[in-house]
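Biologist: I have not looked at this one before. Can you put it up and take me through it?

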Amino acid sequence: MHTSLLKTLGGIALTLGSAVAQADEITVTDVAGREVTVDAPVDRVILGEGRQIYLLGALQPEAPFAHVVGWREDFSQADPDNYARYAAKFPELKDIPTFGGFKDGTFDVEQAAALEPDVVLMNLEAKAATEDAAYDDKLAELGIPILYVDFREAPLEHTIPSMRLMGKLLGKQEAAEDFIDFAEAQMARVTDTIESAAPERPRVFVDRAGGYSEDCCMSFGPGNFGEYVELAGGTNIAKDIIPNTFGSLNPEQIIAANPQQVVVTGGNWDAYVPGGDWVGVGPGADMTTARAKLEALTERTAMTGIEAVENDDVHAIWHQFYNSPYYFVAVQRLAKWFHPALFADLDPGATMKELHDRFLPVDYEPGYWVSLKEH
């Protein structure tokens, strides 16, 4: 009798829920150009990448995990420093079910369906693997739509549309527009100055995750940090060598290009490479240790005799600027390194603090960059 009553009540609730949701049905276009119809605002979301919380945190800082019913287990590994700060303030995140990745084939469709999500948010780089494994078809059969966002493959092109998309899904359009206005204004502080001053551009090598492995050196082609370099008034030495966003240079290519600035992206990657040579920048980072590890990277063969090392124009910056909506802070920091006189009044640290104070759920702590130029 009790079971029957629960089933009856559940059926009524589902019927009422459908009626309410039907009135709020919207069609949105994701960054893959797919039109998808969803009931908004959504109540139950699966994050195909845990670091999408960088965006959710900006849209609803008072309760960033309120609608998250499952997420990929990467935030705690790729950015343990910020994960710890979010977990201290929102301990409920530790109870959210975690998933494997779509790209490595460890995503569990049945587990996802059991959580009854209204939508699954996927990063664009996982689209091919998602379709190859037919995850999209399997979820569609269960009435669970996938929407693609992107802060990594083409952050300058896709971050703002991704923000607007997630704002619509969550009923947080005003918060999304406030963030976008801030991001665009902060970017303009660099791009307008570069355009008007037209300074001589230094040759720049971006050492992607330098020290993460013994191989040297991963870098960026014309996209992501490669594009940040150009916007900040530099010339990316890899832009005509690496055809896509991500790739590698060999030591001979780096030495031949003789970069005048070297920028290493780093983070706390003990979960992946315990005790590695990576430069552990991030919130609250130990600057003495980070600087020592950065200096050690200049001893590699690829750094032999290059101008940047001779002049201490070697810097490290938080790697996750490549995969978050905070890219404009990275562009400011690069611009100030490349053109210190031109950007003497620009304070990227103040921008990062304002970002946290106005939009994010956690407090700002310095440590996101370090330079051999600043002893």
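Biologist: Where is Pro41 found?
Modeller: Pro41 is found in the loop between β2 (35-39) and β3 (45-47). Helices (H or I, at least four residues) and strands (E, at least two) are DSSP runs, numbered from the N terminus.

Biologist: What kind of peptide bond joins Ala40 and Pro41?
Modeller: A cis bond, with omega about 0°. The peptide bond from Cys216 to Cys217 is also cis, and omega there is near 10°. Cys217 is in the loop between β8 (203-207) and β9 (218-220).

Biologist: Before I go on, what am I looking at?
Modeller: This is a predicted model, where local features need pLDDT of at least 70, side-chain atom pairs count only at pLDDT 80 or more, and totals for chains, interfaces and linings use all residues. Residues are numbered from 1 along each chain as its sequence is written, and side-chain values use heavy atoms, with hydrogens and water left out.

Biologist: Which domains does the assignment give?
Modeller: Domain 1 (24-170) and domain 2 (199-371). Such bounds come from an automatic or database domain assignment. The centres of domain 1 and domain 2, taken over C-alpha atoms, are separated by 27 Å.

Biologist: How many residues of each are in contact?
Modeller: 28 residues of domain 1 are in contact with 26 residues of domain 2. Contact means heavy atoms within 4.5 Å.

Biologist: Now the sheet. In what order do the five strands come?
Modeller: The order is β5-β4-β3-β6-β7, in an open sheet with parallel pairing. β5 (98-99) and β7 (146-149) each have a single partner strand, so one side of each is left without a neighbour in the sheet. Two strands pair if DSSP finds at least two bridges between them.

Biologist: How many bridges do β6 and β7 have?
Modeller: Four, with strand β6 covering residues 119-123. Asn123 has Val149 of β7 as its bridge partner, and Met122 stands opposite Tyr148.

Biologist: And which way do the β7 residues point?
Modeller: Ile146 and Tyr148 point one way, Leu147 and Val149 the other way. In a regular strand the side chains alternate between the two faces of the sheet. All four of those β7 residues are buried, and buried means under 20% relative accessible area, with exposed over 50% and partly exposed in between (1.4 Å probe, protein chains only).

Biologist: What lies across β6 and β7?
Modeller: Helix α8 does, running at about 145° to β7. For that angle, axes are lines fitted to C-alpha atoms, for helices over the stretch in contact, and angles run from 0 to 180 degrees between N-to-C directions.

Biologist: What span should α8 have, and what does the model give?
Modeller: The 16 residues of α8 (155-170) should span 22 Å at 1.5 Å a residue, and the end C-alpha atoms are 21 Å apart, which agrees. The expected span is 1.5 Å times one less than the number of residues. Buried residues of α8 include His158, Met163, Met166 and Gly167. After α8 comes Gly171, with a positive phi near 70°.

Biologist: Is Ala176 buried or exposed?
Modeller: Ala176 counts as buried because its relative accessibility is 1%. Ala176 is in helix α9 (residues 173-197). Beyond its neighbours within four places in sequence, Ala176 is in contact with Leu59, Met163 and Gly167.

Biologist: What about the core? Which residues have the most contacts inside the largest one?
Modeller: Phe225, Phe321 and Leu355, in a nonpolar core of 73 residues. Helix α14 (residues 327-338) supplies the largest share, nine residues. Domain 1 and domain 2 each give this core at least three residues. A nonpolar core here is a set of buried Ala, Val, Leu, Ile, Met, Phe, Trp, Tyr and Cys residues joined through side-chain atoms within 4.5 Å.

Biologist: What does Phe225 touch?
Modeller: Not counting residues up to four places away in sequence, its contacts include Val206, Trp318, Phe321 and Leu334.
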